[in-house]
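Let's take a walk through this fold, starting with charged side chains and ending with a sheet. Have the viewer open and follow along.

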Amino acid sequence: REGRYTVSVAVDDGEGGIGESTLTYTVTAARPIVGEASVTVQRRDGDLVDDPRAPRDDFADEPRDQDHFYLQEGQSLIVEVPVESTRSGDDRLDPATAVWTISPDGATQSEVPVRPAVGDDAGSELKRARLVWTPNFYQAGTHLIRLVAEGERSGRQATYEWTVHVSDGG
C-alpha cells in the first residue's frame, strides 16, 4: 500500500558489537504503463512506407533511433501507443488518461478504449492513444511529439517523447 514506512535493523556480531540502521521509504502509486509506439507512415497513394524509423531524404545522414520517425510532407504519420491503467495498493483502479501535450499544427489525437474494466471500477484499463498528422510543405523540418499518461486518482505521470523529421516532398 502507498505510504511512508520505516524499517529498523540491529545486527549483533556475536562479540559485543551491535550495528543499527533505520531506513524510511515512501511507496507511491504506480504510474500508468505506456507500451511501445506503433508507427505507420502512409504515402499519398495509400501505400505504406516500409520502415518509418529509417533515416531518409533530407535526414539520410542521421543515426537510426527508435524514437525518431521520418516522412515527407504530404504523407501521413500515424502513431498509436498502448496506455494501461494501474491499480493502487487497495486494488482500486487508477484510470489513466493519455494526452498528446505537444503535437504539430494540424495533428488530430484520440484515445480509444481497448479493454474496459467492469463492475464498481468501470473505466478503461487499456487504451490506445492515437496521433495522426499529415504535414504540409511549410512544415518540413524537425518536430517533437509528446504523450503524457496520467492516473486520474493518483496524479502519477509517465511522459514519452518522439522526434519527427519531415522532408520536402519535392
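A residue counts as partly exposed when its relative accessible area falls between the buried class, under 20%, and the exposed class, over 50%. Keep in mind that this is a predicted model. With that cut-off in hand, look at Glu-80: its relative accessible area is 22%, so it lands in the partly exposed class. Its partner is Arg-130, and the two side chains meet in a salt bridge with an N to O distance of 2.7 Å. This pair links distant parts of the chain, with Glu-80 sitting in strand S6 (residues 76-84) and Arg-130 in strand S11 (residues 124-133), 50 residues apart. Arg-130 is partly exposed too, at 31% relative accessibility.

Stay on S11 for the next pair. Here Lys-127 and Glu-111 form a salt bridge, 3.0 Å from N to O. Glu-111 belongs to strand S10 (residues 108-116) and Lys-127 to strand S11, so to speak 16 residues down the chain from each other. Which side of this pair is buried, and which is partly exposed? Lys-127 is the buried one, with a relative accessible area of 8%, while Glu-111 is partly exposed at 33%.

Asp-51 makes a salt bridge with Arg-64, and their closest N and O atoms are 2.8 Å apart. Both residues lie in the loop between strand S4 (38-42) and strand S5 (68-72), so the contact ties together parts that are 13 residues apart in sequence. As for accessibility, Asp-51 is partly exposed at 29%, and Arg-64 is partly exposed at 47%. These pairs are among the 7 salt bridges that a search of the whole structure finds. The general idea is simple: side chains of opposite charge can pair when their charged atoms come close.

In what order do its strands line up? The order is S5-S13-S12-S9, giving an open sheet of 4 strands with mixed pairing. At the edges are S5 and strand S9 (96-102), each of which pairs on one side only. Neighbouring strands here are turned by 25° against each other on average, direction ignored.

Zoom in on S9 and its partner to finish. S9 and strand S12 (residues 141-151) run antiparallel and are joined by 6 bridges. For a landmark, find Trp-100, which stands opposite Leu-147 in S12.

Terms used:
Residues numbered from 1 in each chain as written. Predicted model: local features only at pLDDT ≥ 70, side-chain atom pairs only at ≥ 80, totals over all residues. Heavy atoms only, no water. Salt bridge = Lys/Arg side-chain N within 4 Å of Asp/Glu carboxyl O. Helix = DSSP H or I, 4+ residues; strand = E, 2+ residues; numbered from the N terminus. Buried < 20%, exposed > 50% of the residue type's maximum accessible area, 1.4 Å probe, protein only. Pairing = 2+ DSSP bridges. Axes fitted to C-alpha atoms, helices over the stretch in contact; angles between N-to-C directions.
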